[in-house]
Structure formats: C-alpha cells, structure tokens
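I opened the notebook to record what I looked up in this structure. The entries follow the order in which I checked things.

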Amino acid sequence: MTVWRYIAQRALTGEFVHWEVPLARDELTWALSGAGALRGTIAPDVGALRAPDGRLVLDEWGTLLYAEADGQIRWGGIVVRSGFNGPAWEVEAAGFTTYPHGLPYLGDWASPSVDPAEAFRHIWSHVQGSPDGNLGVVVDGTATPARLGTTDEPYALNWWEAPDCGGELDTLAQEGRFDYAEEHAWSGPSTIAHRIRIGYPRIGRRREDLAFVQGDNVTSVVAVDRDGGEYANGIHGLGAGEGRAAVATDVVERDGRLRRISVYADKSVTSKDRLTTLARGELAIRRNVLEVASVDLINHPNAPIGSWQVGDDVLIQAELPWLGEVALWERITGWSLIGEDRARLLLRRSDAFTYGGI
C-alpha cells in the first residue's frame, strides 16, 4: 500500500508549518490545462492545528498543501476553503493554476504578433510580480506557431479593461492549441519547485499499452450521453463589430448528418483567425453525440493506477445496453484517486481535439 503524507507550507514565507497534516483524504484530482483539487477531513481529536506563529496551519489563500508518496511530491495546491461539519474540519485545496483566476490584469502590454505561449508566460510573470503574489512558478515548454495581433490591431492587455488573468490564460491555451500541466517536485531537502509545463501540440500520448475493459478493471457502468440537442456540424462565429462590419467566420464539417449550425459569439475577438480557431474548438465539442464521460477503475495489471497521465488517449471498451459492444478512444482530461486502490478517469472523446495549427 502506498503511504501518503500531506505537508503544509506558508505561501508567502515558504516556511514549512506541518510535515504530516493528519488529513483523511476524500479525493485527490489531477487536471489537464487546469487546476486539480484535494479534499479531505481532519479528525476532531487533533486540536486546532495551530503553527508556532499562532496562525492556523491550514489558512485559506495562506497555506500551500502538498501530497507526497514514496518520497515524491505528487500534487501541490493552495488551501482555498475550509469549514466545520460538526467537530470535523473539512478542507479543500486547488492546484496552483487556480491562483490567477479572479485576479485582474493591471499592467499595459501589447504586441503586434505574439505567440500565445509567450503571452501565457507574460501573464504569469505579471501575476507573480505583484506584492504577495509570487508562488515561485516557472512556466516553460515549447513555442507554438500561432500568432495573435497585427501591426494595426496588436494583441493587448490593458489595466483599464482589467481582463481576468485566469480566464485569459485559458483562452490563450485554446487559441494556441497547446496543453499545460502543473508539476511539483523536491529540489532540495526542504525546497519544492513548481513548474507549469506547456505542451505543444499536446501533452500525453496514445496508450496502446494500457487496457480499460468493463468487467476487468473498469468497475462502473460507463456513462454514455447521446444528446442531440447540443449537436452541430457547423459553427457560425461572430466577433467584434456591428452589422456588416462584424468579424465573422464559418466552420463546417460535412459528416453524413443533416446540417445543424450553432452560433458562437464573442464580441471581444477582433481577428478572423482568432475567431476561426475558437469556432473550430466549439465545433469539436458539439459534433460528438456518443460520449463516455468517466469510468471508475480498480488497480489492475491492465492499467496500474498512476500508469497514465493527463492528456493520454486510452481505449475504453464496454458492453452497453442497446448499443452493444463499444470501443472508444478517449482522452484523459483529469483523474482522481477515490480510494487506495480505486481511481476515476474524466474523459473526452479523442476526436474532439485538434493538435497543432491555428
């Protein structure tokens, strides 16, 4: 059995305030291009858990919490919520990439032709350059061929518009067609390094070496959604401007079904190329009507827990009522430990993703 320990550190000073937080884990989640989560409960018989400085060990937006197993940091996050359910102390932490969400951009920066990955790094630099904002995150990874802005209409971030930093990071990842993932690791006896890795054209790979078969290692009834109400095989995109002067684009995929067009509108988009990229992403989401949303697994030689990573493509095989045998390639967009020997994979159809290009 893997032995886990939970370590608490002050977010601003880096002081480690508890090396073995007595946390009963409810769920530990990793996410692709987003923040994972840790939820758990501290039993009532351990007292108030105050640090030598008199403050609570677990302090919302003041404490970093790590999950370590076999001497390796497997997950890192920020305590964002806690509360009491009777005498028990319930705690929730979110990955470091949750931090920029809700923070306004308060600088003035523009570029006539910028790689979305470079803009992504710039926003993180801006966030961490503010007082009491430095988490020590290093953003690295490859460049992308995508470019935002023109000489006449540069890509701009302005304090008077106060764009949400986290929301802009997500948009940049979508427009640049890249993934990102958090990584945390010991870099010394009492130092933890934090990294956000940009992966272009993707993070993860097709896993022919793993098997996910209902009745073997897949224990849940695989949830399948055949909702045609949201289906579309064409997107009409509308951006900035009014009337005939509005930025517009059309993305269509003829797939043997009746024509169904959905409107995607974002008045902040001033470039047709940028709007087309966003419309393609919307089309990929809406084209699929057969979807495996998640599967629950046991630890099994087919796919030992943790043998995959977020971003991997895996083949899900199941026998479903009315549909019979189904085999779908799905991408792992997140996964959770829901017990010592059980896990849950969060999935999206692999053909809903387009890697590379603009």
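How do the residues of the lining of the largest cavity divide into nonpolar, polar and charged? The model I worked from is predicted. I found 5 nonpolar residues and 3 polar ones in that lining, and no charged residue.

**Entry 1: the cavity**

I searched the whole structure and got 1 cavity of 30 Å³ or more. I noted a volume of about 40 Å³ for the largest cavity. Its lining is made up of Thr97, His101, Phe120, Trp124, Gly166, Leu169, Tyr180 and Ile196. I then checked which elements give two or more residues to this lining, and they are α1 (116-128) and α2 (165-175).

**Entry 2: the pocket**

I looked up the largest pocket next and wrote down a volume of about 770 Å³. I listed 32 lining residues for the largest pocket; nearest its centre lie Trp30, Arg74, Gly306, Trp308 and Trp335. Sorted by class, the lining of the largest pocket holds 14 nonpolar, 10 polar and 8 charged residues. At least two lining residues come from each of β3 (23-31), β6 (72-85), β11 (179-188) and β21 (324-337). Which strand gives the most to the lining of the largest pocket? I found that β6 does, with 5 residues.

For α2 and α3 (residues 272-286) I read an angle of about 85° and an axis separation of 9 Å. Angles from 65 to 115 degrees count as roughly perpendicular, so α2 and α3 are roughly perpendicular to each other. On the α2 side of the contact I listed Glu168, Thr171, Gln174 and Glu175, and on the α3 side Arg274, Thr277 and Leu278. By class, this contact has 1 nonpolar, 3 polar and 3 charged residues.

I then looked up an open sheet of 3 strands, in the order β16-β15-β17 and with mixed pairing. Its edge strands are β16 (248-252) and β17 (261-265), each pairing on one side only. On average, neighbouring strands of this sheet are turned by 20° against each other, direction ignored. I also checked α3 against the sheet: α3 packs on it and touches β15, β16 and β17. The direction of α3 makes about 35° with that of β16.

**Entry 3: the strand pairs**

Strands of a sheet pair through backbone hydrogen bonds, either parallel or antiparallel. Do β15 and β16 run parallel or antiparallel? I found β15 (residues 234-238) and β16 antiparallel, joined by 5 bridges. In this pair, Leu238 stands opposite Ala248 in β16. I counted 5 bridges between β15 and β17 as well, and these two strands run parallel. Here I noted Tyr264 in β17 as the bridge partner of Gly237.

Definitions and conventions:
Residues numbered from 1 in each chain as written. Predicted model: local features only at pLDDT ≥ 70, side-chain atom pairs only at ≥ 80, totals over all residues. Heavy atoms only, no water. 1 Å grid on protein atoms, 1.4 Å probe; cavity = no way out; pocket = protein on both sides within 12 Å on 5 of 7 lines; lining within 4 Å. Points joined across faces, edges and corners; volume = space filled by probe spheres on them. Helix = DSSP H or I, 4+ residues; strand = E, 2+ residues; numbered from the N terminus. Nonpolar A, V, L, I, M, F, W, Y, C, P; charged D, E, K, R; others polar. Axes fitted to C-alpha atoms, helices over the stretch in contact; angles between N-to-C directions. Parallel < 35°, antiparallel > 145°, perpendicular 65-115°, else oblique. Contact = heavy atoms within 4.5 Å. Pairing = 2+ DSSP bridges.
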